[in-house]
Amino acid sequence: MEAKYVDLHIHSYYSDGTMSPAEILDMAKKNNVGVMAITDHDVLEGSRELMNICKDSGVKCITGVELDALYHNLNFHILGYGVDLENEEFQKFVKRDRALLDEVNTKLIEKMESDCDDVSLEDYNKYSYERNKGGWKALHYLVHKGLTKNVWEGFGIYNKYGVYNSCADFPTIEEVCAQIHKARGKAVLAHPGKVIYKDTIEEFIEEVKGIVPFGIDGIECYYPAHSEEITKACLDICKDNGLFVTTGSDCHGEFQDTTIGQTKITEEDLKKH
(Lines give C-alpha, C1' and ligand atoms only; values in the text may rest on other atoms or scores of the structure.)
Protein backbone atom coordinates (compact mmCIF):
# COMPACT_ATOMS: atom_id res chain seq x y z
CA MET A 1 0.00 0.00 0.00
CA GLU A 2 1.31 3.43 -0.96
CA ALA A 3 2.29 5.59 2.00
CA LYS A 4 0.02 8.55 2.61
CA TYR A 5 1.27 12.12 2.79
CA VAL A 6 0.86 14.56 5.67
CA ASP A 7 -0.29 18.15 5.18
CA LEU A 8 -0.92 20.12 8.34
CA HIS A 9 -1.13 23.63 6.89
CA ILE A 10 -4.09 24.35 4.62
CA HIS A 11 -6.36 27.39 4.37
CA SER A 12 -10.06 27.38 3.52
CA TYR A 13 -12.30 30.21 2.37
CA TYR A 14 -13.07 30.95 6.01
CA SER A 15 -9.79 32.90 6.01
CA ASP A 16 -7.99 33.59 2.73
CA GLY A 17 -8.21 30.36 0.73
CA THR A 18 -10.53 29.64 -2.20
CA MET A 19 -11.84 26.19 -1.22
CA SER A 20 -14.48 25.00 1.21
CA PRO A 21 -13.49 22.38 3.82
CA ALA A 22 -15.35 19.75 1.75
CA GLU A 23 -13.40 20.70 -1.37
CA ILE A 24 -10.16 20.62 0.60
CA LEU A 25 -10.95 17.15 1.92
CA ASP A 26 -11.72 15.88 -1.59
CA MET A 27 -8.49 17.36 -2.92
CA ALA A 28 -6.53 15.82 -0.07
CA LYS A 29 -7.86 12.37 -0.93
CA LYS A 30 -7.04 12.86 -4.62
CA ASN A 31 -3.50 13.94 -3.71
CA ASN A 32 -2.83 10.90 -1.50
CA VAL A 33 -2.94 12.83 1.77
CA GLY A 34 -3.79 10.68 4.78
CA VAL A 35 -3.30 13.18 7.61
CA MET A 36 -4.34 16.82 7.38
CA ALA A 37 -5.43 19.96 9.18
CA ILE A 38 -7.16 23.16 8.14
CA THR A 39 -5.29 26.01 9.81
CA ASP A 40 -7.10 29.21 8.91
CA HIS A 41 -5.74 32.58 9.98
CA ASP A 42 -7.23 33.43 13.37
CA VAL A 43 -10.47 31.60 12.54
CA LEU A 44 -11.80 28.25 13.84
CA GLU A 45 -14.83 27.73 11.59
CA GLY A 46 -12.94 25.96 8.80
CA SER A 47 -11.37 23.46 11.17
CA ARG A 48 -14.69 22.89 12.92
CA GLU A 49 -16.46 22.19 9.63
CA LEU A 50 -13.71 19.79 8.54
CA MET A 51 -14.01 17.82 11.77
CA ASN A 52 -17.75 17.49 11.19
CA ILE A 53 -17.39 15.97 7.70
CA CYS A 54 -14.23 13.86 7.87
CA LYS A 55 -15.49 10.88 9.89
CA ASP A 56 -15.81 8.33 7.06
CA SER A 57 -13.37 9.99 4.65
CA GLY A 58 -10.40 7.72 5.30
CA VAL A 59 -8.34 10.82 6.12
CA LYS A 60 -7.13 11.50 9.65
CA CYS A 61 -8.03 15.11 10.43
CA ILE A 62 -6.60 17.19 13.24
CA THR A 63 -8.03 20.43 14.60
CA GLY A 64 -5.92 23.46 13.76
CA VAL A 65 -5.55 27.22 13.51
CA GLU A 66 -2.79 29.67 12.54
CA LEU A 67 -2.38 32.54 14.98
CA ASP A 68 -0.56 35.84 14.56
CA ALA A 69 2.10 36.86 17.06
CA LEU A 70 4.79 39.54 17.36
CA TYR A 71 8.46 39.11 18.21
CA HIS A 72 11.29 41.54 17.44
CA ASN A 73 8.79 43.62 15.41
CA LEU A 74 8.16 40.67 13.10
CA ASN A 75 4.80 39.02 12.47
CA PHE A 76 5.24 35.34 13.33
CA HIS A 77 2.65 32.64 12.73
CA ILE A 78 2.08 29.94 15.33
CA LEU A 79 0.13 26.84 14.34
CA GLY A 80 -2.07 25.30 17.02
CA TYR A 81 -2.83 21.57 16.60
CA GLY A 82 -5.21 19.35 18.50
CA VAL A 83 -6.83 22.36 20.14
CA ASP A 84 -10.24 22.11 21.77
CA LEU A 85 -12.40 24.12 19.37
CA GLU A 86 -15.10 24.51 22.02
CA ASN A 87 -12.81 25.99 24.66
CA GLU A 88 -14.44 29.38 25.34
CA GLU A 89 -11.29 31.14 26.50
CA PHE A 90 -9.47 29.98 23.38
CA GLN A 91 -12.36 31.04 21.15
CA LYS A 92 -12.20 34.55 22.63
CA PHE A 93 -8.44 34.69 22.16
CA VAL A 94 -8.71 33.64 18.51
CA LYS A 95 -11.46 36.19 17.85
CA ARG A 96 -9.34 38.93 19.37
CA ASP A 97 -6.40 37.97 17.17
CA ARG A 98 -8.71 38.07 14.16
CA ALA A 99 -10.01 41.50 15.14
CA LEU A 100 -6.43 42.77 15.31
CA LEU A 101 -5.71 41.31 11.88
CA ASP A 102 -8.82 42.99 10.46
CA GLU A 103 -7.74 46.29 12.02
CA VAL A 104 -4.69 46.28 9.74
CA ASN A 105 -7.01 46.51 6.74
CA THR A 106 -9.10 49.19 8.42
CA LYS A 107 -5.95 51.26 8.98
CA LEU A 108 -5.16 51.04 5.26
CA ILE A 109 -8.60 52.30 4.28
CA GLU A 110 -8.39 55.13 6.80
CA LYS A 111 -5.05 56.24 5.38
CA MET A 112 -6.41 56.10 1.83
CA GLU A 113 -9.49 58.20 2.57
CA SER A 114 -7.62 61.51 2.25
CA ASP A 115 -6.09 60.53 -1.10
CA CYS A 116 -9.02 58.78 -2.78
CA ASP A 117 -12.38 60.50 -3.07
CA ASP A 118 -14.18 57.24 -3.71
CA VAL A 119 -12.75 55.41 -0.69
CA SER A 120 -14.23 55.65 2.79
CA LEU A 121 -14.35 53.50 5.88
CA GLU A 122 -18.14 53.64 5.83
CA ASP A 123 -18.23 52.37 2.26
CA TYR A 124 -15.64 49.70 3.02
CA ASN A 125 -17.64 48.41 5.99
CA LYS A 126 -20.69 47.97 3.75
CA TYR A 127 -18.74 46.15 1.03
CA SER A 128 -18.86 42.35 0.73
CA TYR A 129 -17.19 39.85 -1.60
CA GLU A 130 -17.39 36.17 -2.54
CA ARG A 131 -15.18 34.29 -0.08
CA ASN A 132 -14.24 31.59 -2.59
CA LYS A 133 -12.22 34.19 -4.50
CA GLY A 134 -9.57 33.92 -1.80
CA GLY A 135 -7.55 36.70 -0.26
CA TRP A 136 -9.33 39.12 2.00
CA LYS A 137 -11.86 41.93 1.93
CA ALA A 138 -9.52 44.91 1.50
CA LEU A 139 -7.78 43.38 -1.53
CA HIS A 140 -11.10 42.86 -3.29
CA TYR A 141 -12.32 46.30 -2.25
CA LEU A 142 -9.36 47.91 -4.01
CA VAL A 143 -10.20 46.00 -7.19
CA HIS A 144 -13.87 46.93 -6.80
CA LYS A 145 -12.90 50.61 -6.64
CA GLY A 146 -10.71 50.32 -9.73
CA LEU A 147 -7.57 51.16 -7.76
CA THR A 148 -5.91 47.87 -8.68
CA LYS A 149 -6.37 45.52 -11.63
CA ASN A 150 -6.19 42.41 -9.45
CA VAL A 151 -5.75 41.40 -5.82
CA TRP A 152 -2.00 40.93 -6.26
CA GLU A 153 -1.52 44.62 -7.01
CA GLY A 154 -3.16 45.32 -3.67
CA PHE A 155 -0.03 44.25 -1.80
CA GLY A 156 1.74 47.23 -3.33
CA ILE A 157 -0.90 49.55 -1.86
CA TYR A 158 -0.12 48.26 1.64
CA ASN A 159 3.56 49.00 1.00
CA LYS A 160 2.78 52.47 -0.36
CA TYR A 161 0.92 53.47 2.80
CA GLY A 162 3.27 51.65 5.18
CA VAL A 163 0.60 49.37 6.59
CA TYR A 164 1.88 45.95 7.63
CA ASN A 165 0.76 43.13 9.91
CA SER A 166 3.72 43.93 12.14
CA CYS A 167 1.99 47.25 12.96
CA ALA A 168 -0.81 45.41 14.77
CA ASP A 169 -0.80 44.87 18.52
CA PHE A 170 -0.66 41.09 18.23
CA PRO A 171 0.14 39.03 21.33
CA THR A 172 3.60 37.69 21.98
CA ILE A 173 4.66 34.22 20.86
CA GLU A 174 4.69 33.19 24.53
CA GLU A 175 1.08 34.35 24.98
CA VAL A 176 -0.07 32.51 21.86
CA CYS A 177 1.64 29.28 22.90
CA ALA A 178 0.15 29.53 26.39
CA GLN A 179 -3.37 29.86 25.00
CA ILE A 180 -2.85 26.90 22.66
CA HIS A 181 -1.65 24.81 25.61
CA LYS A 182 -4.64 25.86 27.71
CA ALA A 183 -6.84 24.54 24.89
CA ARG A 184 -4.95 21.22 25.16
CA GLY A 185 -3.13 21.78 21.90
CA LYS A 186 0.45 21.83 20.63
CA ALA A 187 2.18 24.99 19.39
CA VAL A 188 4.23 24.81 16.19
CA LEU A 189 6.40 27.54 14.68
CA ALA A 190 5.16 27.97 11.12
CA HIS A 191 7.55 28.37 8.16
CA PRO A 192 10.43 30.07 10.01
CA GLY A 193 12.40 30.34 6.77
CA LYS A 194 9.65 32.54 5.34
CA VAL A 195 9.70 34.95 8.29
CA ILE A 196 13.27 35.11 9.53
CA TYR A 197 15.76 36.67 7.14
CA LYS A 198 19.39 36.58 8.26
CA ASP A 199 22.70 36.99 6.48
CA THR A 200 23.97 33.60 7.63
CA ILE A 201 22.43 30.26 8.52
CA GLU A 202 24.09 30.53 11.94
CA GLU A 203 22.15 33.74 12.65
CA PHE A 204 18.94 32.08 11.49
CA ILE A 205 19.54 29.15 13.84
CA GLU A 206 20.19 31.43 16.80
CA GLU A 207 16.97 33.36 16.14
CA VAL A 208 14.88 30.18 16.02
CA LYS A 209 16.59 28.76 19.11
CA GLY A 210 15.73 31.97 20.93
CA ILE A 211 12.03 31.43 20.16
CA VAL A 212 11.83 27.79 21.27
CA PRO A 213 11.69 28.56 25.05
CA PHE A 214 8.50 30.60 24.56
CA GLY A 215 6.49 27.38 24.49
CA ILE A 216 7.15 25.97 21.03
CA ASP A 217 6.43 22.23 20.81
CA GLY A 218 7.43 21.72 17.18
CA ILE A 219 8.63 23.37 13.97
CA GLU A 220 7.20 23.25 10.47
CA CYS A 221 10.47 22.04 8.97
CA TYR A 222 9.20 20.74 5.63
CA TYR A 223 7.68 23.66 3.75
CA PRO A 224 7.59 24.43 -0.01
CA ALA A 225 9.59 27.66 0.22
CA HIS A 226 12.26 26.28 2.57
CA SER A 227 15.69 25.64 1.10
CA GLU A 228 17.48 22.40 1.92
CA GLU A 229 19.75 24.39 4.23
CA ILE A 230 16.81 25.89 6.15
CA THR A 231 15.07 22.51 6.36
CA LYS A 232 18.19 20.84 7.77
CA ALA A 233 18.71 23.64 10.27
CA CYS A 234 15.12 23.30 11.50
CA LEU A 235 15.40 19.52 11.75
CA ASP A 236 18.60 19.85 13.79
CA ILE A 237 16.96 22.34 16.15
CA CYS A 238 14.05 19.93 16.67
CA LYS A 239 16.42 17.07 17.40
CA ASP A 240 18.52 19.09 19.84
CA ASN A 241 15.50 20.47 21.70
CA GLY A 242 13.13 17.49 21.72
CA LEU A 243 10.63 19.15 19.40
CA PHE A 244 8.45 17.35 16.90
CA VAL A 245 8.65 17.91 13.16
CA THR A 246 5.70 18.91 10.97
CA THR A 247 5.06 19.61 7.32
CA GLY A 248 2.55 21.72 5.42
CA SER A 249 1.87 23.07 1.96
CA ASP A 250 0.29 26.35 3.15
CA CYS A 251 -2.19 25.76 0.33
CA HIS A 252 -4.67 28.59 -0.29
CA GLY A 253 -6.32 27.00 -3.31
CA GLU A 254 -6.12 29.26 -6.34
CA PHE A 255 -5.04 32.24 -4.26
CA GLN A 256 -1.48 30.93 -4.12
CA ASP A 257 0.56 28.44 -6.10
CA THR A 258 1.07 25.59 -3.63
CA THR A 259 -1.01 22.41 -3.69
CA ILE A 260 -2.27 20.09 -0.95
CA GLY A 261 0.31 17.41 -0.18
CA GLN A 262 3.01 19.22 -2.15
CA THR A 263 5.86 18.43 0.23
CA LYS A 264 5.20 14.68 -0.22
CA ILE A 265 6.22 13.94 3.37
CA THR A 266 4.73 10.85 5.00
CA GLU A 267 4.08 9.99 8.64
CA GLU A 268 7.07 7.63 8.50
CA ASP A 269 9.26 10.49 7.27
CA LEU A 270 8.22 12.58 10.26
CA LYS A 271 8.76 9.73 12.73
CA LYS A 272 12.39 9.43 11.63
CA HIS A 273 13.23 12.66 13.39
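Five strands form an open sheet in the order β4-β5-β6-β7-β8, with mixed pairing; strands here are DSSP runs of E with at least two residues, helices are runs of H or I with at least four, and both are numbered from the N terminus. Two strands pair if DSSP finds at least two bridges between them. The edge strands, β4 and β8 (244-247), each pair on one side only. This is a predicted model, where local features need pLDDT of at least 70, side-chain atom pairs count only at pLDDT 80 or more, and totals for chains, interfaces and linings use all residues. Residues are numbered from 1 along each chain as its sequence is written, and side-chain values use heavy atoms, with hydrogens and water left out.

**Inside the sheet**
- Strands of a sheet pair through backbone hydrogen bonds, either parallel or antiparallel.
- Strands β6 (residues 186-189) and β7 (residues 218-222) pair in the parallel sense over two bridges, and L189 stands opposite I219 in β7.
- On to the next pair: β7 and β8 run parallel and are joined by four bridges, with Y222 opposite T247 in β8.
- Five of the five residues of β7 are buried, so β7 is largely enclosed by the rest of the structure; buried means under 20% relative accessible area, exposed over 50% and partly exposed in between, with a 1.4 Å probe and protein chains only.

**Helix α3**
- Helix α3 (residues 88-112) has 25 residues and reaches 36 Å from its first C-alpha to its last, close to the 36 Å expected, a span defined as 1.5 Å times one less than the number of residues.
- At the start of α3, a side-chain oxygen of N87 comes to within 3.1 Å of the backbone nitrogen of E89.
- Buried residues of α3 include F90, F93, V94, D97, L101, L108 and M112.
- Among the elements that cover the buried residues of α3 are β4 (64-71), α4 (121-126), α5 (137-144), α6 (154-161) and α7 (173-182).

**The whole chain**
- The secondary structure of the protein chain comes to 11 helices and eight strands.
- With a radius of gyration of 19 Å, close to the 19 Å that the globule rule gives for 273 residues, the protein chain is as compact as a globular protein of that length; the radius is taken over C-alpha atoms, and the rule is 2.2 Å times the number of residues to the power 0.38.
- Of the 273 residues of the protein chain, 54% count as buried.
- Residues 24 or more positions apart account for 72% of the contacts (heavy atoms within 4.5 Å) in the protein chain with a separation of 6 or more.

Terms used
A polar contact is a pair of N or O atoms within 3.5 Å; within protein, one must be able to donate a hydrogen and the other to accept it, and residues adjacent in sequence count only if both atoms are side-chain atoms.
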